[in-house]
Amino acid sequence: MSEKIEIQPPLPKRLKEARVRLGISQKTLGTLAGIDEFSASARMNQYEKGKHAPDYAMAKRLAAVLKVPCSYLYEEDDSIATMLVSYYQLSDDERKQILGNILAMQQDYSGN
């Protein structure tokens with residue numbers, strides 16, 4: 001008999017982390033993302049509990065309100081999620097510099 005392993009999607013955890021970090025309520029987040037204020041809190045609660053998941057358009061709106069890249073909401077690895085948020089907060093010039101450093105490191109490691 002094989003056991004069924006249930007894999008939890010990262011979105012509920014990431015959504016709550018970002019909302020708490022920003023210091024806003026579920027209702028406020030939902031309302032700012034365009035959900036009717038009377039159902040915003042309940043809907044956000046369902047998203048954070050993993051009972052329902054937002055479609056991609058809603059996830060984009062939620063990410064914009066939370067000031068995180070949408071990919072952060074779907075990232076399983078905590079360290080990569082942290083890097084995504086940090087990278088997102090950089091200026092374009094800082095991003096180019098970081099990317100250049102990463103590419104240079106890859107070349108060093110590959111022996112090119």
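The protein chain contains 7 helices and 0 strands, counted as DSSP runs (H or I, at least four residues, for helices; E, at least two, for strands) and numbered from the N terminus. Its radius of gyration is 17 Å, well over the 13 Å that the globule rule gives for 112 residues, so the chain is more spread out than a compact globule. That radius is taken over C-alpha atoms, and the rule is 2.2 Å times the number of residues to the power 0.38.

Please keep in mind that this is a predicted model, where local features need pLDDT of at least 70, side-chain atom pairs count only at pLDDT 80 or more, and totals for chains, interfaces and linings use all residues. Residues are numbered from 1 along each chain as its sequence is written, and side-chain values use heavy atoms, leaving out hydrogens and water.

Let's start with helix H1 (residues 11-22). The buried residues of H1 are Leu11, Pro12, Arg14, Leu15, Ala18 and Arg19; buried means under 20% relative accessible area, exposed over 50%, and partly exposed in between (1.4 Å probe, protein chains only). These buried residues pack against helix H2 (26-32), helix H3 (40-49), helix H4 (56-66), helix H5 (70-74) and helix H6 (78-88), with contact meaning heavy atoms within 4.5 Å. Just after H1, Gly23 adopts a positive phi of about 80°.

Now turn to helix H7 (residues 92-110). Ile102 lies in this helix and is partly exposed, with a relative accessible area of 41%.
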